[in-house]
Amino acid sequence: MKRLAILGSTGSIGQSTLSIVEQFPERYSVATLAAGRNVDEAFVQTSRWRPRVISMATEELAAELGKRLRQAGILGVDVVHGSAGTVVCSTQADVDFVVSAIVGVAGLEATHAAILAGKPVGLANKECMVAAGEILTSAARERKVPILPIDSEHNAVHQCMRAGAHNEVKTIWLTASGGPFRQYPLEKFDSITPEQALKHPTWVMGRRITIDSATMLNKGLEIIEACRLFDVPPSQVRVTVHPQSTVHSLVEYADGSILAQISVTDMRLPILYALAYPERPTSNLTFDLAHLRHLDFEQPDFARFPCLRLAYEAAAKGGVHCIALNAADEVAVEAFLQGVIPFMGIPRTIEAVLASTSEAHPGTIAEVLAADGAARERARAVLA
Ligand code: MG
């Protein structure tokens with residue numbers, strides 16, 4: 001029985017993880033939950049799963065949840081809060097596996113603490129790898145702690161990497177759906193509205209990641225994530241646009257063989273893979289190959305999606321550049337969603353922030369968070 005800490009339990013990855021626990025009660029149980037801001041959902045999850053510890057984003061929210069639990073007669077659940085609270089969740093002695101699915105750098109400290117405590121991590125939070133990948137992967141190597149990617153592309157790569165040795169890998173091919181604007185006229189890009197950008201053709205996801213898919217900055221973050229997770233230079237990571245999102249990614253080997261992973265577009269499968277690794281339990285997440293008609297692949301258009309170029313540049317520089325790429329994007333996406341800047345204002349803001357970014361390489365999580373805050377301030381200054 002694996003006892004799980006689920007960081008980001010009320011988000012879509014968190015909910016999918018709980019549905020895996022529901023399906024495999026003999027394999028998994030819930031030890032702790034970090035639930036964020038949604039008190040109603042946190043209450044429902046606590047009633048259903050009875051974690052020993054649950055963390056909320058703030059002290060006020062923790063107090064509110066605590067009160068509701070007492071009124072409902074649910075006792076014996078420790079309600080904690082803030083980033084210290086998420087660290088408590090990820091490092092409890094009885095936790096066997098940590099699912100890191102808090103969006104943004106808010107999940108960074110708890111993920112790092114989990115690795116230091118020797119807990120295997122299923123990583124759904126790509127910002128952690130982008131902002132602090134150098135620190136997280138070296139801590140994981142030192143302590144021999146596995147980091148299993150839950151991001152669908154990296155999960156596919158992880159699966160394909162089992163077919164050969166690291167030095168036999170020629171290219172990691174990340175697939176991209178291309179988002180809703182793959183064929184949209186480039187001259188109309190600045191009039192794209194948030195409503196248009198929030199409609200993703202194949203995946204239902206959170207708001208920021210949906211906009212990041214539309215600008216392809218999401219794929220840019222995934223290039224950096226792949227470099228760090230699989231210890232390869234940016235020149236060995238390429239993107240291919242695959243509108244069907246059926247092939248989740250591919251690995252090309254030195255001998256010319258290319259291995260692809262195909263499955264249903266359902267995040268429960270990469271979650272199950274990470275939780276069960278190296279086993280493959282029987283699941284109902286089947287893909288009907290008989291109905292597969294065609295697979296399209298095309299080159300990404302760097303003129304349409306300048307975020308891809310910016311990500312390659314940041315990946316080559318590493319350190320603070322990757323932190324700034326992510327931080328500036330988050331600020332710019334929020335401004336776009338509020339109607340403050342046009343769609344192409346997102347890459348323009350990121351480019352301006354990167355131009356004023358130093359070449360430093362933070363050595364601690366505190367330095368990463370400071371660089372993240374500084375980049376956000378520069379992004380707000382650019383917008384103002
Ligand atoms: Mg992905």
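1. Met216 is placed in the loop between H9 and H10; helices here are DSSP runs of H or I with at least four residues, strands are runs of E with at least two, and both are numbered from the N terminus. Although Met216 is not a glycine, its phi is positive, at about 70 degrees. Met216 counts as buried because its relative accessibility is 2%; buried stands for under 20% relative accessible area, exposed for over 50%, and partly exposed for values in between, with a 1.4 Å probe and protein chains only.

2. Some conventions apply to the whole note. The model is predicted, and local features need pLDDT of at least 70, side-chain atom pairs count only at pLDDT 80 or more, while totals for chains, interfaces and linings use all residues. Residues are numbered from 1 along each chain as its sequence is written, and side-chain values use heavy atoms, with hydrogens and water left out.

3. Lys144 also has a positive phi without being a glycine, here about 55 degrees. Lys144 belongs to the loop between H6 and strand E7 (147-149). With a relative accessibility of 72%, Lys144 counts as exposed.

4. The peptide bond from Tyr277 to Pro278 is cis, with omega near 5 degrees. Pro278 sits in the loop between helix H11 (268-276) and H12.

5. The magnesium ion has as its protein donors Asp151 (OD), Glu153 (OE) and Glu222 (OE), at 2.0 to 2.2 Å. Donors are N, O and S atoms within 2.8 Å of the metal (3.2 Å for Na, K and Ca); water is not among the atoms, so sites may look incomplete. Along the chain the donors follow the spacing D-x1-E-x68-E. Asp151 and Glu153 are both buried.

6. Lys126 is part of helix H6 (residues 126-143) and, at 5% relative accessibility, counts as buried. Its side chain makes a polar contact of 3.2 Å with the side chain of Asp151. A polar contact is a pair of N or O atoms within 3.5 Å; within protein, one must be able to donate a hydrogen and the other to accept it, and residues adjacent in sequence count only if both atoms are side-chain atoms. Leaving out residues up to four places away in sequence, Lys126 touches Asp151, Ile209, Asn218, Leu221, Glu222 and Glu225, where contact means heavy atoms within 4.5 Å.

7. Asn326 lies in helix H13 and counts as buried at 0% relative accessibility. The side chains of Asn326 and Arg208 are joined by a polar contact of 2.9 Å. Residues up to four places away in sequence aside, Asn326 is in contact with Val105, Glu127, Val130, Arg208, Leu221 and Asp372.

8. The chain is divided into domain 1 (2-149) and domain 2 (183-215 + 319-384), with bounds from an automatic or database domain assignment. The C-alpha centres of domain 1 and domain 2 lie 26 Å apart. Their contact takes 12 residues from domain 1 and 16 residues from domain 2.

9. The largest nonpolar core has 88 residues, of which Leu325, Phe336, Phe343 and Ile350 touch the most other members. Such a core is a set of buried Ala, Val, Leu, Ile, Met, Phe, Trp, Tyr and Cys residues joined through side-chain atoms within 4.5 Å. Helix H13 (residues 320-337) gives the most to this core, namely 13 residues. Domain 1 and domain 2 both give residues to the core, so it lies between them. Another core, apart from this one, has 35 residues, among them Val30, Ala42, Ile74 and Val77.

10. In helix H14 (residues 345-355), the buried residues are Gly345, Ile346, Pro347, Thr349, Ile350, Val353 and Leu354. Their cover includes helix H9 (207-215), helix H10 (217-230), helix H12 (306-317), H13 and helix H15 (365-383).

11. As to overall form, the chain comprises 15 helices and 11 strands. Its radius of gyration is 20 Å, close to the 21 Å that the globule rule gives for 384 residues, so the chain is as compact as a globular protein of that length; the radius is taken over C-alpha atoms, and the rule is 2.2 Å times the number of residues to the power 0.38. Of the 384 residues, 57% are buried.
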